[in-house]
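Hi,

Here is the structure I promised to pass on. Have a look at it first, and my notes follow below.

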Amino acid sequence: MATLQLNHIARETSDVARLAAFYEAVLGFERVPSPTYSGFQVAWLRLPNSPGVALHLIERDPAAAPVAVGPGAEGAPPSQLPRRHHLAFSVADYDGFVTGLKARGTEMFEKTQPDGRTRQVFFFDPDGNGLEVTSSGAGSDK
């Protein structure tokens, strides 16, 4: 079997510019060259320390089927995210990151794994996609 590597994660949105600005300001993504399509906007983003994986933000097609109840289902609190769909990132300065979220007024939920060392914060992006930032560099099942 071929060995696979993650290439990109795509998120559809009604406002590419707003969502790209959030990922740049809150999570430190950087814009990279993206194709130009007629009829819809896109933004390709990457994390500086993860150049092999991109986040593709794609303008939602208004003619497509209505959006199903998303992972961050309307009105769901961040405390439900540990067992729901979410993207997870690691950060070296966890406390500084959480301080930044608080300064933005971001609704969030913090918890610590049973090991007592791995700290996690869960929150939503402007489109209701669940996000996690963890103090641990190792991925783990939530």
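Before the rest, some ground rules. This is a predicted model, where local features need pLDDT of at least 70, side-chain atom pairs count only at pLDDT 80 or more, and totals for chains, interfaces and linings use all residues. Residues are numbered from 1 along each chain as its sequence is written, and side-chain values use heavy atoms, with hydrogens and water left out.

**Aromatic pairs**

The structure has six aromatic pairs (rings of Phe, Tyr and Trp, the last by its six-membered ring, with centres within 6.5 Å; planes under 30 degrees apart are stacked, over 60 edge-to-face, the rest tilted). Tyr37 and Phe40 make a stacked one, at 4.8 Å centre to centre and 15° between the planes. Both residues are listed as partly exposed: Tyr37 at 38% relative accessibility, Phe40 at 32%. Phe109 and Phe122 make a tilted pair, with 6.3 Å between centres and 35° between planes. That pair links distant parts of the chain, 13 residues apart, with Phe109 in strand S6 (residues 109–112) and Phe122 in strand S7 (residues 119–124). Helices (H or I, at least four residues) and strands (E, at least two) are DSSP runs, numbered from the N terminus. Phe22, Tyr23, Phe29 and Phe89 form one aromatic cluster.

S6 and S7 run antiparallel and are joined by four bridges (strands pair if DSSP finds at least two bridges between them). Phe109 stands opposite Phe122 in S7. Six residues lie between S6 and S7 in their hairpin, and Gly116 in the turn has a positive phi of about 80°. S7 is also antiparallel to strand S8 (residues 130–134), through five bridges, with Gln120 opposite Thr134 in S8. The S7 and S8 hairpin has five residues between the strands, and there Gly128 takes a positive phi near 90°. S7 is largely enclosed by the rest of the structure, because five of its six residues are buried.

**The open sheet**

Four strands form an open sheet in the order S1-S4-S3-S2, with mixed pairing. Strand S1 (8–13) and strand S2 (30–32) are the edges, each pairing on one side only. S1 and S4 are parallel over six bridges, and Thr13 stands opposite Glu59 in S4. Ile9 lies in strand S1 and is partly exposed, with a relative accessible area of 26%. Its C-alpha atom is 9.3 Å from that of Leu87, 78 residues apart along the chain.

Of its 16 lining residues, Phe29, Leu47, Ser50, Ala88 and Phe89 are the closest to the centre. Helix H1 (16–27), strand S4 (50–59) and strand S5 (87–90) each give two or more residues to the lining. On the method: a pocket is an open set of points on a 1 Å grid over the protein atoms alone, where a 1.4 Å probe fits, with protein on both sides within 12 Å along at least five of seven lines, and lining residues have an atom within 4 Å of a point.

Cheers

Technical notes:
Buried means under 20% relative accessible area, exposed over 50%, partly exposed in between (1.4 Å probe, protein chains only).
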